[in-house]
Amino acid sequence: MRFDTVIIGGGLAGMACGIRLAEAGKRCAIVSQGQSALHFSSGSFELLSRLPDGTTVGDPIAGIAELEKIAPDHPYATIGAARCERYAQEVPDLLRAAGIPVYGDCHRNHFRITPMGKTKAAWLTIDGYLTAEEAGCLPFNKVCIVNVEGFLDFYPEFIAEEFRKHGITCQFATINFPDLEQIRKNPSEMRSANIARVFDHEKNLEALAAKIRDVATGCDAVILPAIIGLTRDDSFEVLKSKVNVPLYLLPTLPPSIPGIKAQQALQRRFRLLGGEYFLGDSVLSAQCDTEYVQSVYTANHGDEPFEADQFVLATGSFFSKGLVASPDRIIEPVFDADTVYTPSRADWYTLHFFDKQNYQAFGYATDAHLRLKKGGEVLTNLYGAGAGLAGFYPVQEGCGAGVSLLTALYVADQILNRQ
């Protein structure tokens with residue numbers, strides 16, 4: 001099979017890169033072994049929340065300019081602040097074109113509300129999810145927190161405890177429907193995706209609206225876990241139109257409805273643009289000469305190679321096995337590309353879970369164009385994007401989604417400009 005570009009990995013970085021190339025008329029293939037980290041998404045995308053020294057960032061673009069000075073190995077520094085700003089302004093349109101309605105400003109972080117009720121800085125948030133312009137400043141005095149009976153991935157009491165710290169009065173309501181009884185028989189099936197399938201039926205959505213109207217008397221708003229809209233796009237708008245108080249969604253523990261929806265929307269957009277998406281397949285090996293990747297081989301296609309002019313590695317970090325730790329080194333398993341890591345394993349981590357862990361900044365060794373290296377030599381047609389890149393701490397810096405999206409667009413531009 002012959003393509004202009006083969007992208008290995010179907011997460012946020014791989015999908016964004018594929019969409020940008022497909023929009024430019026390139027014939028692209030994405031090979032994805034399964035679920036990506038998007039399935040754990042909160043419904044928000046972060047760009048930059050803190051500098052490496054822990055300084056809080058209010059304006060992400062200004063923070064990226066500072067990163068250029070203090071963290072030259074950071075992917076944002078490689079791209080450059082000016083390009084980062086341009087890509088950050090383009091991302092919302094890319095997501096909206098895929099059917100992911102988001103709002104936010106790359107020059108000003110807002111605050112999403114976590115499944116535990118805390119506030120966390122965000123760049124973009126999907127419409128309908130509860131946010132605040134300032135940390136702890138929510139726009140109501142009394143709320144009703146609604147949950148489904150037996151649903152264990154949503155914690156109204158923890159949420160209420162955080163809300164009360166900011167002077168918000170909370171009341172609770174639990175709802176139940178006959179159609180939920182079948183999945184309730186097995187507690188492991190009582191998950192957000194299965195519940196959402198129940199509420200995708202019109203009669204159950206109508207019944208849910210009636211229940212919310214009954215329990216929300218005297219409240220400024222209703223908080224509902226993200227348990228609607230898995231297979232239909234209008235569930236939230238329909239529900240809002242039938243409820244007489246403002247309604248907000250909160251993300252739950254995974255599986256994540258907003259994450260699953262975002263993944264499906266990006267896949268659909270890529271395919272509509274003519275891209276070929278190979279789901280449930282994994283790249284096992286590659287044929288390379290000294291400086292050039294000729295083809296890759298996958299589990300499902302055996303001896304039939306995927307050939308391309310350009311390749312993009314977007315397989316993620318340790319979570320998705322895009323990087324693998326051996327006793328003494330960090331391995332990139334597809335191309336055996338060079339990686340950046342601390343030689344002494346004792347320095348890879350600390351025993352304090354919430355500390356900044358050095359292994360989080362391990363990743364592919366790349367040049368200024370984000371081309372990977374092997375044996376110290378640049379592979380001229382192999383680019384890296386997303387979580388597998390070295391030089392950043394996605395959790396502590398609050399930049400994981402931003403690095404995935406911006407490096408994906410940067411790599412796509414490198415390919416397009418080169419061709």
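## Domain layout

The domain assignment of the protein gives domain 1, made of residues 2–100 together with 260–418, and domain 2, which covers residues 141–250. In this predicted model, the centres of domain 1 and domain 2, taken over C-alpha atoms, are separated by 35 Å.

## Packing of α8 against α9

Helix α8, formed by residues 202–215, and helix α9, formed by residues 235–242, have axes that come within 9 Å and cross at roughly 40°. The crossing in which α8 passes α9 is right-handed.

On the α8 side, the contact is made by Glu202, Leu205, Glu206, Leu208, Ala209, Ile212 and Arg213, while α9 contributes Ser235, Val238, Leu239 and Lys242. Taken by residue class, the contact of α8 with α9 divides into 6 nonpolar, 1 polar and 4 charged residues.

## Ser235 in its surroundings

Ser235 is found in helix α9 and is one of the residues through which α9 makes its contact with α8. Its relative accessible area is 1%, and since buried means under 20% relative accessible area, Ser235 is therefore classed as buried.

When its neighbours within four places in sequence are left aside, Ser235 is in contact with Asp200, Leu205, Ile228 and Gly229. Of these residues, Leu205 is also listed among the α8 residues that make the contact with α9.

Notes. Residues numbered from 1 in each chain as written. Predicted model: local features only at pLDDT ≥ 70, side-chain atom pairs only at ≥ 80, totals over all residues. Heavy atoms only, no water. Axes fitted to C-alpha atoms, helices over the stretch in contact; angles between N-to-C directions. Helix = DSSP H or I, 4+ residues; strand = E, 2+ residues; numbered from the N terminus. Left-handed = near helix turned anticlockwise from the far one by under 90°. Contact = heavy atoms within 4.5 Å. Nonpolar A, V, L, I, M, F, W, Y, C, P; charged D, E, K, R; others polar. Domains from an automatic or database assignment. Buried < 20%, exposed > 50% of the residue type's maximum accessible area, 1.4 Å probe, protein only.
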